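Please look at the model below before reading the points.

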Amino acid sequence: MVALSALFLMGLIGVSILVPWLSGVDPNVVPLTQQLEPLPPRWDHWVYWFGTDDLGRGILIRIVYGARLSLVIGVVSAVVSTSIGSLVGGVSGYFGGWVDKVLMRFVEFMMAIPTLFLILIIQTIYTPTIVTVMVVIGLTSWMGVARLVRSEVLSIKQQPFVLAARARGVLGWRLLLRHIMPHALPPIVVAATLDVGGAILIESALSFLGLGVQPPHASWGNMLHNSLSYLLDAPWMALIPGGFITATVLAINILGDRLRYRSD
Amino acid sequence: MMGSISKRLLTMIPMILGITAVSFVLMQLAPGDPLAMMVDPSIHESDLAQVRENLGLNQPVWIQYWRWLLAVLQGDFGYSFVTGQPVLTVILDRLPATLLLSGSTMVLIVGITFPLGIWAGYKANTAVDHWITVLTFIGMSIPAFWLALVLLLMLSVQLEWFPLSGFQNYAVFEPTVWQQCASIVHHMVLPLVTSVLGGLAGLTRYHRSGVVGILNRMYITAARSRGVGPSRLLFKHVAKNAALPIITLLGLMIPGLIGGSFVIEYIFAWPGMGQLGVSSVFARDYPVLMAILVFSSLLIMLGTLVSDIAYQWADPRVGRTSV
């Protein structure tokens, strides 16, 4: 399973980099010579292997561009959330005292707000773009990482090498960033991996509701949004993007779980 | 113990204030002028200024917040832009359906993951364990809204086993209480399946590692050497010790349940707070949105608090000092 997941993700990354670069097919152009209705998969040209959508555009090429967008959004949001979470958790665990109390109360506070709903409200206030989607997901999903890093730092702080560093006169931020945080890196990497999957799911839900990536850009979520009016006549429009989301998130989760197992 | 509970309740006060502040700020950021909805477009500029003054909208933001907060604390969340009803009435109307769905989800998740986790833990690192992990992970990785669509397409549209949406069949003439309950359950099957499948992985994983840890303990070895058989060992010795953390996990589950309810209720048109929330997002019904934000956060905080208290009650070792 682990090898299969890695293979799938590498294939997805490879295709989403190579195909847009090599194929020269524009995923957003509506072919006016064709019928403007969803057509089932056919084999005469690779673009139509997954059928077409309601505007006659090949679903396969849109899946490829959607993969690029989903992966970028997933990774950038995860980097944002992991960075904030590591900073908050690291500072909280390292400095302790009232800093810790205040920060942890803030974490609890953020956890009490239903994330998806908060994102939905923010997206109605600001015009949704790809950048706001990434930033908003990152800003609202760092709390788990913060808690994890805090408990890591608390236990690393007790180890003799920290005492040794202190004795050599390494103090404050330098001790935290140079000596303690590197030891907390393995669980951070695991959390970041799992966050990529979570962010892809949130993005797909947002775009599905029409509040994420906006057309004509193809994202797996807004392809599903698009498929709603054709569920009965063109089920492939819904089944294919959904299958890709599931497979990608599953592969990420399996890899993350494996990494966690190894880092324990 | 009473001391620690009241301390927890005290720490909730700044959090509630914080959440009302967040929703007030969001409401201020929201585009559009609330007055523009109320008045005749041909109104004279000086009259508009008068209305603004009468409503206190020309005062500094923090005074507006204070007045809004006082009103909110008295249960006055304003009026829905869409229906014109008081927001509190609208929300209280929707609360039972949400509580029913998330409560049932919680019961089912616990009922399924507990035995599943014990089984996976007992058979750790075998094919059974492997498949339980993969299947629950699939449940976690499927976007809930897509799973909902697929279930609707297959089971409601093609096979016509379940109704497409809603809460209850109102077409039946003078239904008995029993018929009403049956109808609600029938409508709840698909939303319930969707939300349960998404929540299996975490708890199963947790129970599994708990059971693996317990099986390595000396008293289990001792029981084994006394000749205690596997089923008695699992259900008598292991299950008891693995059951305790469920209470804290219930608390951790609540944010996910409330958060997940938004999309699931929306797709199945389940008349709960989540569906109201998403449809209010589309209608830009800001008073309702803010009230839902406050209410759902309150639900999450209360749920966490109750599970913390229950855990202390169940395990006195988790003392007054640690909380």
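This is a predicted model: local features need pLDDT of at least 70, side-chain atom pairs count only at pLDDT 80 or more; totals for chains, interfaces and linings use all residues.

1. Residues are numbered from 1 along each chain as its sequence is written, and chains are lettered from A and ligands numbered from 1 in the order in which they are written.

2. Chain A has 10 helices and zero strands (DSSP runs numbered from the N terminus: helices are H or I, at least four residues; strands are E, at least two). Its C-alpha trace spans about 75 × 40 × 30 Å along the principal axes.

3. Of the 264 residues in chain A, 49% are buried (20 or more other C-beta atoms, placed from the backbone, within 10 Å of the residue's own).

4. Helix 4 and helix 5 (residues 130–140) of chain A have axes that come within 10 Å and cross at roughly 145° (lines fitted to C-alpha atoms over the stretch in contact, with angles from 0 to 180 degrees between N-to-C directions). From helix 4 of chain A, A:Thr115, A:Leu118, A:Ile119, A:Ile122 and A:Gln123 meet A:Val136, A:Ile137 and A:Thr140 of helix 5 (contact: C-beta atoms, placed from the backbone, within 7 Å).

5. At the interface, 34 residues of chain A contact 35 residues of chain B. Helix 3 (97–112), helix 4 (115–125), helix 8 (172–208) and helix 10 (236–263) of chain A each give two or more residues to the side that touches chain B.

Methods
Two residues are in contact if their C-beta atoms, placed from the backbone, lie within 7 Å. A residue is buried if 20 or more other C-beta atoms lie within 10 Å of its own, exposed if 12 or fewer, and partly exposed in between; C-beta atoms are placed from the backbone.
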